[in-house]
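Hi,

Here is the structure I promised to pass on to you.

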Amino acid sequence: MSVTTVRHVRHGSKQKQNLVAYSFILPFVIVFLAMLLVPLVYSAYLSLFRTQLVGGRNFVWFANYGRALTDSLFLTGVGRMALFLVIQVPVMLGLALFFALALDSGHVRGARFARLAIFVPHAVPGVVAALMWGYLYGKNFGPIAQAFTALGLRPPNLLSNGNVIGATMNIVTWEWIGYNMVILYAALRSIPPELYEAARIDGAGQIRIAWSIKIPSIRSALLLTVIFSIIGSFQLFNEPKLLYVLAPNAIGSSFSPNLYAYNLAFTNQDVNYAAAIAFLLGFVIMIVSYVMQLSAERRARRAA
Amino acid sequence: MTATDPRSQVPAIPSSSPSRADQPPTSSRGRKRPGSARSTVLTVTIWTCVAYFLLPLVWLVIASTKNNSDLFSSFGFWVGRSFSLWDNLVTLFTQQDGAFLLWSLNTLVYSLTSAFGAAFLATAAGYGFAIYKFPGGKAIFSGILGSIMIPATALAIPTYLLFAGAGITNTPFAVILPSLVSPFGVFLMRVYAADSIPVSLLEAARIDGAGEYRIFFQVSLRLLGPGIVTVFLFALVSTWNNYFLPLIMLSDPKLFPLTVGLAQLQAASEGGGGAEALFSTVITGSLVSIVPLIIAFLYLQRYWQSGLATGGVKE
């Protein structure tokens with residue numbers, strides 16, 4: 001290989017290299033556009049129409065959105081997901097953080113096995129988890145009801161109107177604690193130990209170290225788990241869909257906005273309104289995630 | 001590249017190093033931690049919580065050894081009068097002319113195809129973003145990253161309508177095509193490629209006269225191995241677990257994956273109507289469907305740990 005060829009390759013290569021780069025990302029981008037952007041745009045388009053038996057499809061501007069904003073079924077569903085956000089997400093992430101800190105501290109016997117055991121539920125598909133917990137809650141042969149009966153107590157109806165949201169929260173928590181714990185644990189492991197060796201020598205306790213050094217250091221990982229949990233909880237579908245069979249009245253057709261959109265599209269055949277609901281839901285998720293990110297950034301800046 | 005020794009090959013996450021995270025805490029980072037530092041209170045607390053995570057699965061295992069009447073007559077966490085696991089398995093695999101086996105095969109085909117496709121697309125794109133600077137690269141990448149926010153289920157309804165127009169609903173393609181897009185995979189591969197492929201190596205290959213594609217296939221791909229496996233696993237699991245998409249796309253029970261099939265079985269068993277035996281069938285089916293996943297997760301834990309670690313540490 002002579003020097004001239006090398007120079008030749010380098011010289012004329014910037015444009016050629018750009019083409020090569022585009023060719024690497026092109027296959028993904030094509031599928032991305034086709035499977036993500038096109039449906040998104042189509043959904044936005046659909047949401048601006050109304051289809052009626054008489055008169056066919058009409059352009060109605062934002063009427064579907066107006067309808068959604070006054071639709072108590074949709075609003076209650078969003079409210080229920082907001083309840084998830086303020087109860088289930090903090091409980092789940094709080095426990096995940098506690099487990100991660102405990103397992104990282106080295107004070108737990110059998111920490112490795114415990115970590116795997118906490119993660120294992122995440123390997124269970126959401127459908128199977130919902131199905132299994134449905135049986136565990138059940139009054140027929142659920143062990144919880146059996147235990148109550150054995151003690152001579154009346155078994156509670158865990159899938160009653162009032163309890164079903166708690167029952168759902170428990171399933172989601174069971175499935176996702178381990179996932180969040182692993183993210184946080186990995187972040188904790190990446191903190192250089194020098195950061196808190198000094199504090200330890202100064203006599204700071206584990207809790208003090210966790211609070212003032214470890215938690216602030218894994219802020220970005222915490223934010224990630226918060227954002228993922230927001231996206232996840234607003235999209236709730238599998239669990240209520242499966243529990244519906246066991247408790248049709250408690251779940252209804254609109255337990256979560258996603259379930260509502262599904263029923264609108266496939267039971268009521270109202271795809272236009274379903275598209276508006278799905279779009280609005282995406283919008284809510286984006287806003288909540290964005291606000292969360294922004295407030296975290298502001299807090300980080302204030303702390304710095 | 002096998003799963004036997006990924007430890008030496010996970011340079012992508014130098015700061016989080018999942019291999020180190022895997023060792024017992026006493027030896028990690030060479031820190032000295034006297035055994036007396038182990039706290040009984042903390043250990044008992046953690047292990048009590050571990051029971052919460054494992055008991056439902058223990059129940060599932062025990063329940064799948066019972067026949068339908070034992071389910072109702074014996075305590076959930078104790079064995080029934082007869083050991084019926086084998087009978088349950090036979091019923092499971094022979095009901096509806098062997099539908100369960102068909103569902104398992106469907107799940108396997110859908111998730112393997114999607115995972116191969118997703119890993120290939122994400123690897124090429126992530127590599128492109130990491131190695132080359134080109135106009136629009138940053139903007140396109142942020143667009144891809146931002147799409148993680150879009151609720152996947154919000155896309156499912158318009159995708160269904162588009163597929164219906166194209167006549168591909170109720171075919172395997174309807175499940176596989178949307179599963180090929182893994183924005184998180186692109187992100188992961190970009191981080192991984194940037195960390196694991198030394199620029200000097202690329203320069204040396206170029207000076208030797210190797211073309212960019214040859215460098216990718218013969219040099220870089222090998223270094224990217226563990227990252228590719230991670231993306232592959234994530235895509236595999238998410239397709240394996242997907243319920244919403246196949247639920248709306250497929251109407252022929254012969255095309256159902258395990259998730260949709262099991263949900264249908266459960267609905268049938270709750271519906272009753274002389275089909276009482278189905279309870280034990282659904283329970284056994286649930287157990288059978290999660291066993292391969294749990295084994296795969298435990299066996300390949302380093303990969304998913306490195307994947308999650310990259311997401312968490314690198315923001």
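Below is what I found in it, chain by chain.

First, some housekeeping. This is a predicted model, where local features need pLDDT of at least 70 and side-chain atom pairs count only at pLDDT 80 or more, while totals for chains, interfaces and linings use all residues. Residues are numbered from 1 along each chain as its sequence is written, and chains are lettered from A and ligands numbered from 1 in the order in which they are written.

Let's start with chain A. Its pLDDT (the predictor's confidence in each residue, from 0 to 100) averages 87, and 96% of the residues score at least 70. Residues 1-9 of chain A are below 50, and this stretch has 6 contacts in the model beyond near neighbours in sequence. A contact here means that the C-beta atoms of two residues, placed from the backbone, lie within 7 Å.

Chain A comes to 15 helices and 2 strands. Both kinds of element are DSSP runs numbered from the N terminus: H or I over at least four residues for helices, E over at least two for strands. The C-alpha atoms of chain A fill a box of roughly 80 × 65 × 40 Å along the principal axes. Its radius of gyration is 25 Å, whereas a compact globule of 304 residues would have one near 19 Å. That radius is taken over C-alpha atoms, and the globule rule is 2.2 Å times the number of residues to the power 0.38.

Chain A is assigned domain 1 (3-46) and domain 2 (64-303), with bounds that come from an automatic or database domain assignment. The C-alpha centres of these two domains of chain A are 37 Å apart. Take contacts in chain A between residues at least 6 apart in sequence: 69% of them join residues at least 24 apart.

How much of chain A is buried? The share is 45% of its 304 residues. Buried means that 20 or more other C-beta atoms lie within 10 Å of a residue's own; 12 or fewer makes it exposed, anything in between is partly exposed, and C-beta atoms are placed from the backbone.

Helix α6 of chain A (residues 126-137) is mostly covered, as 12 of its 12 residues are buried; among them are A:Trp133 and A:Tyr135. The expected span is 1.5 Å times one less than the number of residues. Helix α11 of chain A (residues 219-234) has 16 residues and reaches 23 Å from first C-alpha to last, close to the expected 22 Å. Its buried residues include A:Leu222, A:Thr225 and A:Phe228.

A:Thr225 also turns up among the residues that A:Ala96 touches, together with A:Ile177, A:Asn180, A:Met181 and A:Leu184, leaving out residues up to four places away in sequence. A:Ala96 is in helix α4 of chain A (residues 72-105). Why does A:Ala96 count as buried? Because it has 25 C-beta neighbours inside 10 Å.

Now for chain B. It has 16 helices and 0 strands, and buried residues make up 47% of its 315 residues. Chain B is divided into domain 1 (37-83) and domain 2 (96-313), whose C-alpha centres lie 32 Å apart. The contact between them takes 8 residues from each of domain 1 and domain 2 of chain B.

Most residues other than glycine have a negative phi. B:Gln96, though not a glycine, has a positive phi of about 45°, and B:Asn170, not a glycine either, has one of about 60°. B:Gln96 is in the loop between α4 (85-94) and α5 (99-131) of chain B, and B:Asn170 is in the loop between α7 (152-166) and α8 (172-179) of chain B. B:Gln96 is partly exposed, with 14 other C-beta atoms within 10 Å.

Finally, how do the chains meet? In the model, 91 residues of chain B are in contact with 88 residues of chain A. Helix α2 of chain B (residues 40-63) gives the largest share of chain B's side, 11 residues. By class, that side has 62 nonpolar, 19 polar and 10 charged residues. Ala, Val, Leu, Ile, Met, Phe, Trp, Tyr, Cys and Pro count as nonpolar, Asp, Glu, Lys and Arg as charged, and the others, Gly among them, as polar.

Cheers
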